[in-house]
Structure formats: structure tokens, C-alpha cells
Amino acid sequence: MRVGVFICHCGNNIAGTVDVARAAEETAKLPHVVYSTHYMYTCSEPGQDEIKQAIKRENLDRVVVAACSPRMHELTFRRTVEKAGLNRYFFEMANIREHVSWIGEDKDLNTNKAIEAVRMAVEKVVRDKPLYSSSFKVNKRVLVIGAGVAGMQSALDCAEGGLDVVLVEKSPAIGGMMARLDKTFPTIDCSICILGPKMVDVAQHEKISLHAYSEIEEIKGYVGNYQVKVRKKTPYVDWAKCTGCGECMEKCPTKNAYDRFNFGVAPTRAINIPFPQAIPKKATIDAKFCRQIQKGKCGVCAKVCPAKAINFELQDQFVTEEVGAIIVASGYGLIDQELLPEYGGGRYPDVITGIQYERLLNASGPTSGHILRPSDKTEPKSIVFVSCAGSRDKSIGIPYCSNFCCMYIAKQAILTKDHIPDSQSFVFYMDIRAPGKGYDEFTRRAQEDYGVKYIRGRVSRIYPKGKKMIVQGADTLLGAKVEVEADLVVLATAATAAPGAAALAEKLHISYDTHGFYVESHPKLRPVETNTAGVYLAGAAQGPKDIPSSVGQGSAAAAKVLALFSRDMLESDPAIARVNQNACVGCLKCAKTCPFQAIKDEVLRGGKVVANVIETVCAGCGVCTSTCPCGAIQLQHFTDNQLLAEVNSLCLS
Amino acid sequence: MSVVEGKELRIVGFLCNWCSYGGADTAGVSRFKQPTDLRIIRVPCSGRVDPLFVVKALISGADGVLVSGCHPRDCHYSDGNFYARRRLEMLKRFLPFVGIDARRFHYTWVSASEGQRWQQTVTDFTSLIHELGPAPLLPQNKTLPKEARA
Amino acid sequence: MNLEKLKEIVRTVLPSVDVVIGYKKGLDALHPVPCFLTSPDEIDALVLNPACMHNLAAYLPSLKNRAAVVVKGCDSRTVVQLAQEGLIKRENVVVIGVPCQGAVSVRKVLSAIDHQPVIEASFENDTVVIKTKKGEARLALRDVAPDKCLACRYPTPVVADHLAGEEVEPKIDEKTAYQEIREFDARSLEERRAYWMAEFDRCIRCYACRNACPLCVCRESCIAETRDPHWMSQKATQNEKMMFHMIHAIHLAGRCTECGECERACPMGIPVARLKKKINMEMKELFGYEPGISMDDKPPMYTFKVEEEKIEEHKIR
Amino acid sequence: MIEQEYAYYSGCSLEGTASSYDRSIRLILKALGVTLREPDDWSCCGSTPAHAMDHLLAGALAARNLAIVERMETATLTTPCPACLSAFKKAHARATEDRAFKDEVNQLLDIPYEGGVKAKSTLQVIYEDVGLEAVASKVTTVLPDLKAACYYGCILSRPPRLAAFDDPENPISMDRLLAACGVEVCDFAFKTECCGAAFGVPKKEMVLRLTHKVLTMVEDCGANCVVVACPLCQQNLDLRQAQVNRAMGSSFSIPILYFSEVLGLAFGYTPEELGLDKHIVSTDALIRSRRSKEAEETVSTVKEKVKKSAAQGTAGKSGNAPGPEDTASATKEA
């Protein structure tokens, strides 16, 4: 066998702490290695050309590149060797950057470690078998989870691209967080005015089928062929009959139900339509507050409904949707105020959150757009905004910036001045983060044109004094303690992962970080892809994001799906399990442990029972291989012999 | 044995591609310094790690073996690490019976975003192995003391 | 053990099966051997006594048609385990159970009589009477019982279509069953290591233990011998000997029914069953699982729970 | 869970300026069936001034007492003084987490500290181990005129990792104990605000300003007395009240009571037994009304009232009741 070894300097990233020349010299002496060299940037075009030429010139039949992580460039180099005429699996990568040069300081030890990494890769590569992809049909329907602005954008773009879209929304109405906002920064255009038409498009598009008030129950399958079980939660109202007239809401005697849409700014009825522009405009009963459901006495709504749509016996229903790709746009949540006891922890009615204030500002909100403070329904004249209420605060486990608060505070302060010209707003901030287009100008306008007083410092305590709230904090620019008397305090509470984000990730088999936000394939180069083929991310589910970024990601995810579906057939990863029928004793322990039910029994001529792998279903985890006592089922590219060769190269030599 | 004498011991790691290998990459990208002893074998899933690979490494001269996968419930292949957990736990309890120090084998879960956790794991495990010293080699001749059977 | 009852059962069962697997006299009275009955004429050749050590269930996976098998308590667990793993079909097997008061270890008997050729052997209640040229030896059954019988918890077969004899109450409880393992665990790491190094050193890699094991189903595909995958070389080094025994033990994790055939078959007297018993003890502790007891169980290495009650995350220190 | 016996470390303040705290604690715990055992030959806890000068010495002083308690074979040490408690907890944490520190400290000690003592404030013992129900069941007397502001001070619940008791920013244990005794508790916003006591000597003006602020808030929230759990808080607010009035032109006359004194009164002990005569700002007015009312009310109605308020379990009703919803909402009651 003729193995070529290419050791990358990665500029100084590797060469800085690994003696690449010595590594090339030493690895040239390894068995099977006939050529070893080092190069400045192996992944660059000339670097790849060098590999191709060496394959021809030196007649190489296997290639090892020692460079960065295979998670970074394995695919790049596989393509390179393929272009030079080798099977793309006659290639291995030794990770000498992330696992060697970047973490160790001793050059001798690093160099030795790099040489060993190459030796392991050589031992593995000489045992590589040629593998060939097979192709399978793609189901060109896409599932979008979450109908906030990101999810709606994805759904519309996919639908415009000719795909059938299944859109699943957890709440009774689509629109997400954006539907609750009053105006949007930095243009101050009305949020629902720009979102509303999109919502209507979603509802009316013939390619989009919407499941509102529904959640994902179970996901099976793989890229191109997913089966998704959707739980349609019961609204106790037959939506086919409901006309959205609102009669039921008017007559419902339960007047203290918690209003999820308005974040509890005011109570709502047990049966309600969340907001006037709601899509679908259908009534939903909140079982927790419904007298009929809780106590069996009431049924007023059923009596007044002109369409006879109320049905207290309705149960959750399940539908199964078959799709080829999934876009996850499940959005974000906000921390509980109780995490901030120094700011009242939800005890003082006149300390509210930014999203609650948004509802007070909103013309279709509970106060019809009049800013009235919750305690006594008077107009506040002095309003204090506290930014980073929970964000960038390690002590409550949220070290990150929530991204959009600085901007919406500036917007809310400006709107406050518009609503109440004789009011004065104060903003306590750590830093003003306004890096978007027109953003910094906007925060300056708040200060310069609207007279908002920005105080750089943290708030230490908020307490009531008579009818006022006293906000006590520091002004770090003055180096002094400050106290501001406020009629109303607005906390820019930290954005978190959406409730249930982790459970959804587990159903999707995608990763999430310690805060519950979904992890993208690559933070810079693959921002809307996940490590699970066919699953894409959009919007704040991946991390707190403002509207333009969410919309951008929604479109990006749609583009990814359209690209994926541009082919009728997909190529499967050939690194899957394969059965040696001679060695198989037919115990089928592999079939019992396969997480994907990809192994079935097969009766050979002569009656011998053996295991048989369904190629398109096998995901390549290798659980079967470590289950099989006789080594008869081998995960290709990670065979027992390959892993043993790696172990032996480390331990026995 | 090609460890650098006196400086390194032989530690073999089996890391699942999706979480722990990524976690080790994250640690690298973040330049979290680690001892250099560990050699990493990439496997698709911790469920691919037959306990016999660990045995093989330990018998063949490894001073320590580390297996790391996705956190339970986060497996890229949904269930692989659940099998790994059972099998590796069985192994961990069995090794001392035949006289192999169970501390020389550690299995854990590190996600792709946990660069710091990975650094900590490698640092702690390496320092433990150095404390334990090189693993006793298997006697290769036939002049073993015979222990009388009870 | 009631030979007459057994013969009666075999007589009624034989017409409905292709073969009945039982014991007949071998080289001498101390060495009964398995026999495969297909006609009623052969029934009188059957023997049944404490020297009937073979686990006859081991033959079941290789039989295609309906068979009846004579099993002691320990052997009956093998039937259950094989059926549980789908290696045999329960409905294809007629199980003739023989409640057992304990067997004899031929090795122990022979060493007690100084390896004299046996002229005659007979079994009274608790005694084995052996006649040799040098006279008659009376050995207490307990003294010559194999280790597995001293810790036996299932003297009565756990599964039987017919029972040849009265049920026997177990003398051992769950705690004492693993006493021997716990005592060994209490020794120092170095002692344990030295012990097994000495034991493994005697191994001649004849694979008799594996061949005798009723649950070693790989046969010619055993990874101790294959080249693909190539787990081991053929060198007779300590490394390879130990590796072989680790493979055997780990492949039986949560499957070994403690029939002791491996240990009985070992020509070098290596206590290989101990390795499996240790793992069984851990399986019981971790998963509350005992191989070969219930048809509905799943071997613990081939299943999992999302929340494992007994497995805690390990700290490095 | 209630333990029969606690090692009881009163500390220096309770030997002197805070003797009524000590007296009342002993009385109410006796009434609640808890035995306190004083360690032999206890010494300074190390909180002042050693802790400002030498951390090793401070640690060793605390560890000395912990080592004595360790040999008493009572599982838990309790002290009414938050400063002592803080010193013990800090020394214990460092001794168990930092091997080198432990060795160094033990070199200074006659008997080594092994790290086996758990320390709790006496407030925590009563609130968590004894429990509100047991406290309520001992109440025989009502205190109708008390409108209490519960003042916890700076270190009783902080730092949270060390204190591991109550909410660091909005503690509620005293509020609930008092409510269980039928005392009206006001919603007081400065529960953990600094009173400045530690700077009493070097920066008197600052202390007066801070104390003034706290007392102003007490009046603002409608309270007529302050209830505390710390001898330093009590001393500062009580002893300096006249100074504050002089410096800031105010005219406060707010009695500063220990929570144990209030519990003692509710349990039926006399002011003399409890040592209330030691206070600077007189408590007479508050207590006088108690006597006259006590005679009028029958025991059964008292019990009923107590039961009711214990069941509600609350001081600031508006504040501490957990909200019904998953989303935080300041306005959900609106």
C-alpha cells in the first residue's frame, strides 16, 4: 500500500507549537508511508492541488492529512482525493490542531503527539475499504416548527419555492413574540402592520398546512424521510365550526384567567381569542380556569355560541406528517422575575417586564395603548428602564447578552415620550449594544432628541416608597450612588431558551448548549444547519436574535431546504453497518439494540437466519458492532479492525 | 511504548464524534491548555465502544483509558450512549476483580459546547493517572508464583 | 433424582419428539455421558445420578426439530436463557426437570481416591461409594461437590414440562450465593492480580471452556480465532490469554446461567466460572437481573433505561 | 427535622450588650422542647477584628470552637449571632475545601478540627427544624399593637453559597415566624440593606446616614418597631437612634426587638424574664397594650386567630405568596 502524509502548518496555528518538518521526516518512516510532506495551508487551493499531484506523481492509494479537526475539513479533503481518482474513503485525518497544537505548549511533546496521531491515522487508512454511496428518494415536504416571524418566513419561502409546508405552532395563534410587539426598532414601524400581512399569507397559502395549538410528539426517520407525529391539543372548541365571533369570550363568567398572550398584564376570560388579529381566529378554552371543566358547572359559552362549536369532550388528536426536512424555529422565552429578588422578584405591581410594557404600549393591548401603571391605573411620569435584568449575570446562570434589549429599551423610551410628552425616562445600562444598521443612531436619538437619561451602572435594589418606586443604583461614570424615584420600572428581563426546548431537541436528535439554545453545525460557516442531516435552525431558538436576524435565518434555512430538495434522490452515507453472512450466527442481538430498527432478519437459502441491514435506515452509530459477539456486523469505516489497529498503534508499539 | 519517557503516560481516549470529539475541538479552539498524554480515537458514538476495546488497551499497555460520549438523552443516535452506560459500568465494576485498578478507566459525558468541562476532565484524569503511575505490565514469562488453590 | 420416574416420563414423551437427550453410563460409573434416545428400546440404558454433570441444554441450539431434554436446576436456566435470547424456540423443547440434591465433581472424587481406576461407583443419600483396586472409599457428597453446587439457589428446575422427583428447597439464599465473590473482592488489588496472573498463565488456549459453554453461540466465528475482526493473535502470551478470558466473560455478561460447564471442561483447572459469577453479581446489583430465570426478561446488556436507578456518574477522583 | 440537642454558642455580644437576646433564646427554645448545650471553654469566633487583619487567625479562632463542638457529639452547632455564624461557616468551608488551609489552622490548635460540624443560625433552627406549627402551638398571648418591620441585616442570608438559608435578597423566615405568632408584619423593603454597623467607629457620619435611611423606611412602611436577629443590628439601630435624631433632625422612637423577644412575649413570658428592660428605646408602650388585651381575649379566640394567620403563613401577603403562573408577572394581581 502507498500512503501519502500531508502535514499542515495552518500558518502558525500548528507550526507554532509543532515541529512540522520533523513530523514529516518521522512519519515518512512509518510502514506503508511512501511520501510525507508539510505545507503552509493544506486546505487552500494550491494545498489541495499539491495532494492531487502527489497522488498522481507518487502513485498514492491512501492519503492522510494531519491538520485541523475532521469535523472541519474531512469533507473538503475527501473531495480532493476523489478528484484525484481515489475512493473518497481512502482518506483519514489526524487532528493536530484542536487536539495538539492549540492545547499543548511543549513543542517536543506536541511534535511527538502529532507523529503518533499520524501513525494512528496511517494504521486506520490502510484498513479503509472503498465505499460507495447509494441513493434514495426524497420526500419534498418540509416541516416548520414554530410560527413566529422566523418560522413564518421559512414557511413562506419554502412554499414560494414550490414545496409543501407543514407548519406547527404551539400557541392557539401564529405570530410569536413579534405579534405582541407594538413598534419595531430602529424604524418605529408598527409591528403587527408588517407582520399581519405575512400571517395572512401563511394562513392563505395553498402550499402551507397549519397546525396551530399543536406540538411535536415524536419524530422518526432520517433526512429525506421523516415521520412526524403531531399532537393537536384540544381547544374544547370545534375549530371547523368556530367563526371567531367572540360571543363566548364576552359571556364567559371567569374573568380572572391568566392571559398568556399579554403576559398577564390584565386578566382574560377562560375562553378567549388571544388578540384581534389572531390567525387562526378561533376560540380556545384554558382548561385550568374553565368552570365547566374544573367543576362541571357553567357551560355558558356552549349556550351562547351561535355555531354550536363548544365541545367539552374534545380530546387531543394525533396526526402523522411525512416530510423530508425540518426547520426548527421554536423561539425563545424570558426569565422569571422571581429570579431577581433585589428588583422585587415580581412582588411590586409597578415593576414590570419589557414585554409587559410592550403590551401596555400596544393599541390592541389591554389598555388600548394608554400607558397606565398596574397598581393604580394612573399615567406614570417617571419611568426607569433596567437593562441586563438577568442577562450577563453569572450568579443566576445567564452569562450571555440577550442581544435585543438595548434596542427595545431605546424604542420603548422613545415611545413613552410620544405617549406622555411630559414624562421622563431613565435607562440604567451596562453597555449600549447597538451594532446593527441604524441602531447606534437610534439609541443616540433616544438620548439627544427624546431626552432619555442614560445612567451607566447597575441597579442594586428597587423598593416602594409611598406611591413611588425607588430605584437605587450606581452611576459608574460619576462614581456615585444614585436613587431615582419612578412611577413605573421596566425590567429588560433576560431571554432564555423556550420552555421545552431541551425536550424538543431530544426528539430531533440535535444538540443544545447549557442554556438550552440549539447548537448550529458551525458557528460561522454553517449557522442554520445542525449536525443532524435534514434539520435546520432559524431564529432565536439558536440564540437570542432580533427581527431582521430571525427573518434572515428563516430565509437562509428555507434556502438550505430548497437546495436539499433540488435533487430527487439523496446520496446515503456509506459508512453504515454491513453483515458478514458467513460469520453471522443469527442471534439478532444487533436487531434488538439498533436504535433505528435498521436491522431485520433474513433467511438464506438452506434455512440459515442472518441479520440484514436496511441501508437507508442505518444511521451509522455502530451500536450493533459492539453488540455482536462474533464481529459479524461491522460498521464500515469504523470497523473493529480499524479501531484495534489504532489501539495497537498506541499501546503495543 | 512511544510515550516520552518520564513526561507522559499512555492514555487512550475514545470520543464520540458528535459531542465529546466536538467538545475537545471546542476546548482546542478556545485554547484551553491540557496535558499532552491523551491520544484520541474518534468513534461515531459511545455506543460503538465495545468494552473489549478498553480491555484491549489496558492489557496492551495503556496506563489509562477514557471514554466520553454525549450526555444521556442527547445522543446523536438517540440511544447509543444508554447502551454504552450499561456496558461501561459493567466493565468498570469487573476490572478490579482481575486486578486492574478501576480508576485507570473513566467514562463520562461531555457535550460539543463543553470545552471547559473537557479541559477539566483531561486535566484531572491525566493527573490521576500520573499519581497512579505506569500500569503494571503483564508478566510475559512462565515463572509465575503459583498460588495454592483453596 | 428418581430414575424410574424419569424413564416413565421419557416413555410417554418419546413418541412426540425426535430425540430425548439424557445420560447413560460412560467409561465407568463415575463418568456418565450424554445420550440421544430415539427409540423406546434405549430407555433402559438411561442413568441418573449425581455424576450426571453435563449441561444437556447445550445441545439444544444445534437441533432443528422437536427434542426433549433432561435438565437439573442449573441446566434449566440455560433453557430459559436460550429461549429468552431466541436461540431456541421454547415450544420445540420438552423440558424434563430433575430436582437435584447436588452433583459430584469428578475431579474432586479422583483426587480423593488418588486417581485410581474406578471399578464401581454408587450413590447413597449423602455419600459416594467408590470401589477401586485398593478398596472402597466413602466420600461425603458435600466434600466432592463442585463449587457451583455449594452456592446453588435453584436445585429445582425453574422451568419443566415434567418433573422427575420431588421439589428440593434451596439451601442457599441470595446473600450467601455470592459470598465467595465478595471474599475475593475483599482481597487487595495486587493479590487479585497475582491470583489471576497465575491462573491465566496455566491457560493453554484450548478453548474447551468456550466449547462447553451452552451460551457461546458464535462457534467458528468466535473472535478469539477470527482474522476479521482480528482481536487477538495466536501467540501464547499472558496478554492474549487474559484477553481471551476477558472476551469470554464479557460476552457472557448478563447471560451466564452459572452451569459451570466452562470450569468443568477446563483441563488446567482454571476457575473461569468465577469471572462470570462476578459479573452476574454486578448485574443483579445494577439491574436486579438474573440470567435464565424469567422468559420475559431482556439481557441487561441489550437494553437500557433512560434513568438508570443504580448507575451514578463517576467522578475522576 | 428537629434534633433534641444543639450545641449552643452564644458569642460575646450575647454575654454583654445583647444579653436579652440570649435570655429570650434560651427561654423560647426550652419552651419548644429543644435542649441547648454550651461548649466548655468557648472562645472568640474570630469575626472581629481578627477577620480584618489575619484570615488564618480568624479561621483558627473559629475552628477552635468548632473542634470543641466536634467532640461534644451533637450533630449541629447553633448560634443566634449572624457574625459568629458567618465566621464558623467560612472556617468550615475553607477547612473542608482547602487541605493546606486546614493543615495550617490545625497546627495552631491544641485539638484539630476534622470538618464534621454543621452550623446553623438559631433563627434557622426555629424556622426550619422546629417549624411554624410548633411555634404557633405555643402562643398564649396576643400582641395587637405590634406592627413589625423585619430587618435581617447584611450577613444572615449572604453570601448565598455560604449561608444556604432563606432568600439572599428577600428573606422571609422572620416574617413568617412572627406571623405565626399573630403579629402584624409590614412589607419592609430594606430587609437586607446595610445599617453600617461595622463602620460605627471609623465613619460615624456614614453610619448615621445609613441608619437614618433604614429607620425612615421603617416608618414609611407603617411599622412601629423593628424586629432583628443580629446583636449588631440591634445595637446600632437602638443605641444610635438618639444620635441619628440629633444629626439628621429626625425624631424616631422606634423600639428594636429581637425576634426571640417577640416570640417570648407571645409565649407568655414577662418583659422582665426576657430582659426587655435592657433596651434603650423603651418597649413599654408596645407591651402595655398587650397586657390589657390579653385579659380580655379568651384563649380559644387567640388560638383561632393564630391558627388562621399561621395557615396563611404570611407576612407581606402581597409579596411572598408564590404566583399562580409560569410566567413571572409583577402585575398578575392587578
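C:Arg210 is buried, its relative accessible area being 10%, where buried stands for under 20% of relative accessible area, exposed for over 50% and partly exposed for what lies in between, with a 1.4 Å probe and protein chains only. This is a predicted model, in which local features need pLDDT of at least 70 and side-chain atom pairs count only at pLDDT 80 or more, while totals for chains, interfaces and linings use all residues. Residues are numbered from 1 along each chain as its sequence is written, chains are lettered from A and ligands numbered from 1 in the order in which they are written, and side-chain values use heavy atoms, with hydrogens and water left out.

## Around C:Arg210

C:Arg210 is joined to C:Glu225 by a salt bridge whose closest N and O atoms are 2.8 Å apart, the term meaning a side-chain nitrogen of Lys or Arg within 4 Å of a carboxyl oxygen of Asp or Glu. The two residues, 15 apart, belong to distant parts of the chain, since C:Arg210 is in helix 9 of chain C and C:Glu225 in the loop between helix 9 and helix 10; helices here are DSSP runs of H or I with at least four residues, strands are runs of E with at least two, and both are numbered from the N terminus.

## Where chain C meets chain B

At this interface, 57 residues of chain C are in contact with 50 residues of chain B, contact being heavy atoms within 4.5 Å. The area buried between the two chains is about 5000 Å², and carbon and sulfur atoms give 64% of that area; buried area is the accessible area, taken with a 1.4 Å probe, that two parts lose on being put together, summed over both. On the side of chain C, the residues that lose the most area to chain B are C:Trp231, C:His314 and C:Ile316, which together account for 15% of what that side buries.

Five salt bridges are found across the interface of chain C and chain B. A network of salt bridges links B:Glu89, B:Arg93, C:Asp185, C:Lys278 and C:Glu282. C:Glu308 pairs with B:Arg86 in a salt bridge, with the closest N and O atoms 2.7 Å apart. Helix 7 (179–185), helix 8 (189–202), helix 10 (238–251) and helix 12 (273–287) of chain C are the elements that give two or more residues to the side touching chain B, and helix 10 gives the most, with eleven residues. Sorted by class, that side of chain C has 30 nonpolar, seven polar and 20 charged residues, where Ala, Val, Leu, Ile, Met, Phe, Trp, Tyr, Cys and Pro count as nonpolar, Asp, Glu, Lys and Arg as charged, and the others, Gly among them, as polar.

Chain D stands apart from both of these chains: no contact joins chain B and chain D, whose closest C-alpha atoms lie 17 Å apart, and none joins chain C and chain D, for which that distance is 14 Å.

## Nonpolar cores

The largest nonpolar core has 145 residues, and those with the most contacts inside it are A:Ile326, A:Ile462, A:Tyr518, D:Leu178 and D:Phe259; such a core is a set of buried Ala, Val, Leu, Ile, Met, Phe, Trp, Tyr and Cys residues joined through side-chain atoms within 4.5 Å. Helix 5 (residues 82–97) of chain D gives the most to this core, with seven residues. A second, separate core of 74 residues includes A:Val647, B:Phe14, C:Phe200 and C:Tyr207.

## Local features

A:Cys10 has a positive phi of about 50° although it is not a glycine, and A:Cys10 is found in the loop between strand 1 (3–8) and helix 1 (20–27) of chain A. A:Lys377, likewise not a glycine, has a positive phi near 55° and is found in the loop between helix 11 (354–361) and strand 19 (382–389) of chain A. C:Thr78 is part of helix 2 (residues 73–84) of chain C. In chain D, a salt bridge joins D:Arg64 and D:Asp41, the closest N and O atoms being 2.7 Å apart.

| Residue | Relative accessible area | Class |
|---|---|---|
| A:Cys10 | 11% | buried |
| A:Lys377 | 48% | partly exposed |
| C:Thr78 | 0% | buried |
| C:Glu225 | 37% | partly exposed |
| D:Arg64 | 27% | partly exposed |
| D:Asp41 | 58% | exposed |
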